[in-house]
Each structure stands twice: as structure tokens, then as C-alpha cells.
Amino acid sequence: MPEAIHRLSQWSWPARFAIVQFPNGPLLTALVASIVGHATHASAHRLALAIFYLALGVWAYAEALHGDNWFRRLLGLAIGAYLIVRLNHDLRP
């Protein structure tokens with residue numbers, strides 16, 4: 001079983017120029033937090049949203065610095081810029 005999990009985590013498409021990859025830890029955390037955020041209300045929703053933003057920010061930072069190719073690094077920069085704009089809008093008084 002661990003071999004199958006390792007093989008799945010190494011999957012990418014297309015193989016030479018990875019545009020789509022199996023989600024890593026921060027991205028999986030962001031996806032789960034997003035699902036939980038949509039299913040909850042009040043303080044649980046706010047906590048899930050905070051975890052989503054944090055995990056997606058970690059993922060964007062890692063992609064921008066260590067992405068497999070120029071597309072992945074550009075994607076990390078774009079998501080990072082989106083998060084900055086979105087947080088700036090959401091945190092305004």
C-alpha cells in the first residue's frame with residue numbers, strides 16, 4: 001500500500017512538463033479547509049477560512065520558489081498575488 005501512495009503522489013501530467021500534479025500537503029489542507037468552510041457557520045467557518053488562506057499561501061510560496069517548471073512558478077506567483085489582493089479586500093474595516 002505505501003508503494004501505491006508514493007506512486008500516486010509522484011503523478012503529474014504531462015510527464016515532462018508537469019501542469020497538473022497530485023496535490024501536496026498544503027494544497028490538500030487548503031482543499032479540506034475550503035470544504036469545511038462551506039459546510040460550517042460562525043466561528044468554525046472563520047477558522048476554516050483562516051486555515052484555507054494560510055495553507056494556500058504556503059502552497060503558493062513553495063510553488064513560486066520551488067515549482068517544477070516556469071508554469072508552476074508563475075502559478076504560485078499568481079495565486080500569491082490573488083491572496084494578497086483578496087486578504088486586503090477582506091480585512092478592510
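**View 1. Salt bridge between Arg-72 and Glu-63.** Arg-72 and Glu-63 are joined by a salt bridge whose closest N and O atoms are 3.2 Å apart (salt bridge: a side-chain nitrogen of Lys or Arg within 4 Å of a carboxyl oxygen of Asp or Glu). The model is predicted: local features need pLDDT of at least 70, side-chain atom pairs count only at pLDDT 80 or more, and totals for chains, interfaces and linings use all residues. Residues are numbered from 1 along each chain as its sequence is written, and side-chain values use heavy atoms, with hydrogens and water left out. Both Arg-72 and Glu-63 are buried (buried: under 20% relative accessible area; exposed: over 50%; partly exposed: in between; 1.4 Å probe, protein chains only). Glu-63 counts as buried because its relative accessibility is 8%. Glu-63 belongs to helix α3 (helices, H or I of at least four residues, and strands, E of at least two, are DSSP runs numbered from the N terminus). Not counting residues up to four places away in sequence, Glu-63 touches Gln-21, Arg-72, Arg-73 and Gly-76 (contact: heavy atoms within 4.5 Å).

**View 2. Salt bridge between Asp-90 and Arg-86.** The structure holds 2 salt bridges. In the one shown here, the closest N and O atoms of Asp-90 and Arg-86 are 3.2 Å apart. Both residues lie in helix α4 (residues 70-90), 4 residues apart, about one turn of the helix. Asp-90 is partly exposed because its relative accessible area is 33%; Arg-86 also counts as partly exposed, because its relative accessibility is 36%.

View 3. Leu-27, Ala-30, Tyr-53, Ala-55, Leu-56, Trp-59, Ala-60 and Leu-83 are the 8 residues of the largest nonpolar core (nonpolar core: a set of buried Ala, Val, Leu, Ile, Met, Phe, Trp, Tyr and Cys residues joined through side-chain atoms within 4.5 Å). Two or more residues of this core come from each of α2 (25-39) and α3 (42-66). The largest share, 5 residues, is from α3. Leaving aside neighbours within four places in sequence, Tyr-53 contacts Leu-83, Arg-86, Leu-87 and Asp-90.

**View 4. Nonpolar surface patch.** Trp-11, Ile-19, Val-20, Phe-22, Leu-28 and Leu-31 together have about 490 Å² of accessible area in this patch (patches: residues with over 30% relative accessible area and no salt bridge, like charges being joined within 9 Å and nonpolar side chains, Val, Leu, Ile, Met, Phe, Trp and Tyr, within 5 Å; areas: Shrake-Rupley method, 1.4 Å probe, with only the protein chains shown counting as cover for residues). Val-20 is placed in strand β2 (residues 20-21). Val-20 counts as partly exposed because its relative accessibility is 37%.
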